[in-house]
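Hello,

Here is the structure I promised to pass on. My notes follow below it.

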Amino acid sequence: MTDASPVPASGTVPTHCPYCALQCGMNLESGGERGSGGLTVVERTDFPVNRGALCGKGRTATALLSSRVRLTEPLIRNPATGRLEPAGWDEALSTVASGLARTRAAHGADSVGVFGGGGLTNEKAYTLGKFARVVLGTSQIDYNGRFCMSSAAAAHQRAFGLDRGLPFPLADIARTGCVVLVGSNLADTMPPALRYLTELRENGGTLVVVDPRRTRTAEHADLHLAPRPGTDLALALGLLHLVVAQGRTDEEFIRDRTTGWAEARAGAMAHWPELVERVTGVGVPELRRAVELFCDAESGMVLTARGPEQQSKGTDTVGAWINLCLATGRAGRPLSGYGCLTGQGNGQGGREHGQKADQLPGYRRLDDPAARAHVAGVWGVSPDTLPGPGRSAYELLDALGTEVRSLLLMGSNPVISAPRAAHVEQRLRSLDFLAVADVVLSETAALADVVLPAAQWAEETGTTTNLEGRVLLRRRAAAPPAGVRSDLEILHGLAGLLGHEKGFPADPEEVFEELRRASAGGPADYSGITYRRIAEEDGVFWPCPSEEKAPASAPARARTTATATATATATATRPHPGTLRLFLDRFATDDGRARFVPVVDRPSAEETDDAYPVVLTTGRVLAQYQSGAQTRRVDELNAAAPGPFVELHPRLAAQLGVVEGEAVAVVSRRGRAVAPARITDGIRPDTVFMPFHWPGEGRANTLTNPALDPTSRMPEFKVCAVRVERTEPQEPPEPA
């Protein structure tokens with residue numbers, strides 16, 4: 001029942017990086033330093049996404065295999081001392097099972113919660129969702145990917161009927177005519193992808209970057225627009241207004257392949273250029289230049305990331321950018337379209353197979369009776385026993401200790417990554433019972449009653465799905481330490497203790513075979529994908545109906561999403577090739593047409609005022625990743641990015657009397673963070689920036705606003721009102 005993948009005695013194992021959604025190819029060679037699990041990272045030039053290139057995080061990934069920095073045995077909190085102390089696996093699993101069962105018996109199934117992560121493999125995400133709904137019977141499951149891509153996913157669904165981060169391969173970016181990159185600093189967040197933008201310009205294409213900061217990515221742009229944080233929606237509407245006013249709409253495409261244009265057009269026409277300039281701070285000449293670059297090119301793409309998405313109006317903001325693509329005919333055509341640069345390592349697959357509050361495997365809706373019947377049949381349970389949709393990620397965290405009394409958490413660190421983090425930390429502390437499975441003792445794991453040490457990416461086999469929708473295979477290259485188990489083994493053990501000895505295998509390929517059946521006929525159809533095909537084809541793009549015989553609904557689904565080549569009916573002799581490019585024939589809606597969604601600008605949930613006159617926006621830096629739980633344990637990465645900082649403009653620094661490196665306090669309505677000042681003219685004077693990777697007094701998410709998007713339930717990480725204060729005593733004035 002355990003991972004049956006052999007551990008090679010020597011040689012090279014082709015696999016993928018454990019970090020971002022590029023899932024860069026790499027080779028692991030045995031014979032590395034002892035502190036790196038005996039493995040060395042070597043470039044893998046034959047993998048098409050990164051072509052051998054790796055960032056510092058990927059190059060140093062094996063450092064986390066060292067027993068010096070990771071968990072190597074279960075820990076149980078001693079009630080007498082309050083300390084976490086080593087324990088055996090039988091005792092640890094029994095304590096977790098009894099803690100969850102005790103809460104469920106006393107307070108009902110929904111008093112037990114499950115919180116997953118966007119870094120879990122497809123097999124783990126699938127099993128975690130099944131465990132929550134079948135073993136625990138709870139609706140209270142969500143994951144940290146809600147904090148990353150949910151607004152783009154919701155906008156994708158509304159406009160196209162299907163959510164896949166990129167509807168085309170990354171290689172198409174270098175061949176298009178113009179890219180508008182909104183709220184992404186991919187030079188720092190996914191450096192190997194920068195080559196596609198460099199190649200774009202070398203091929204004669206142009207790049208427009210939208211970001212309130214002049215980032216390393218913005219320095220590559222032909223045009224940099226620096227709007228005030230929280231005004232991306234107004235900016236997109238203003239650009240669409242100019243497209244209409246200048247007669248640059250593609251009327252044939254609008255007529256033949258879309259619906260809803262009249263209402264969307266009316267919304268855009270209410271946002272004239274001078275109004276948009278006042279709202280965003282982007283001048284009218286820059287607005288006109290952006291339209292010129294985008295519309296003069298024969299093809300074009302809009303790519304968004306967390307900047308426009310992590311807002312309380314994120315879904316509408318992404319929708320406005322999609323409307324711009326549709327109005328200009330830059331969607332559903334070669335080398336054109338809208339795409340989301342998914343962030344986490346399995347951010348795409350993690351939202352497809354059941355660990356999200358409202359979904360079942362295959363990107364099926366939990367409130368769809370047919371979907372419930374299909375998945376229940378695969379699981380061998382009655383559809384009536386499956387709970388309905390539960391709380392979204394922040395709402396689940398906010399309910400801890402009151403309505404949700406016990407929590408099983410896997411591969412997430414919300415003490416650092418959640419908005420209003422001090423409040424979330426307090427809610428975690430108030431739980432009756434908390435169990436955490438992770439590879440390191442994160443800040444969240446340190447609060448747990450039981451900590452279960454999990455195997456790492458190089459110690460287990462499993463699939464991930466990168467931002468292109470390419471399903472990939474990570475291969476086992478080393479055995480974990482003796483006291484460590486995989487997440488699948490942990491769930492297998494817990495399920496058995498809770499009365500489900502069958503149905504939760506620990507072997508990842510066995511789980512994937514079941515996932516194939518559960519996803520068959522769904523929007524994210526993996527039924528034609530196998531470990532063998534992934535290995536032979538450098539990954540397989542979904543949807544990919546069954547190798548043998550597509551379910552009745554699969555051919556129709558394929559026709560709504562695939563190219564003419566990819567829509568051939570799957571047969572045993574000619575398997576479906578996978579879907580490299582979506583929407584070239586029709587969109588994944590009932591009538592095959594894309595949907596314009598009418599949107600209008602509205603304020604952020606929290607605007608500046610006299611008490612909080614500055615806007616805070618947050619993000620990542622090159623050498624750290626997400627909550628930093630892993631990268632902060634790598635010496636080379638810490639040397640490059642040792643701690644938090646506050647980036648502010650020289651004008652604001654002068655107003656405050658702050659000098660470079662001086663500790664400053666950033667104060668919001670939710671708390672206070674302190675970090676050294678980093679003074680740069682690459683940020684707007686009305687804005688400060690903090691990276692969110694660190695705990696302690698520099699924790700940026702102490703400040704952020706949990707106001708939620710009404711559709712995606714995304715918190716507003718990217719915009720909150722703050723004031724900046726000096727923390728050092730000021731020199732007294734010179735006597736008169």
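A salt bridge here is a side-chain nitrogen of Lys or Arg within 4 Å of a carboxyl oxygen of Asp or Glu. This is a predicted model, so local features need pLDDT of at least 70, side-chain atom pairs count only at pLDDT 80 or more, and totals for chains, interfaces and linings use all residues. Residues are numbered from 1 along each chain as its sequence is written, and side-chain values use heavy atoms, without hydrogens and water.

Salt bridges first. The whole structure has 45 of them. One joins D316 and R158, at 2.9 Å from N to O. D316 sits in helix 13 and R158 in helix 4, 158 residues apart (helices are DSSP runs of H or I, at least four residues, and strands are runs of E, at least two, numbered from the N terminus). D316 is buried, at 16% relative accessible area; R158 is partly exposed, at 28% (buried is under 20%, exposed over 50%, partly exposed in between, with a 1.4 Å probe and protein chains only).

D609 and R669 form another, with the closest N and O atoms 2.5 Å apart. Both residues lie in loops, so the pair ties together parts 60 residues apart in sequence. Shared partners join E606, D609, R669 and R670 into one network.

Now the inside. The largest nonpolar core has 111 residues (a core is a set of buried Ala, Val, Leu, Ile, Met, Phe, Trp, Tyr and Cys residues joined through side-chain atoms within 4.5 Å). Helix 7 gives the largest share of this core, nine residues. A second, separate core has 56 residues, including Y19 and L64.

Best wishes
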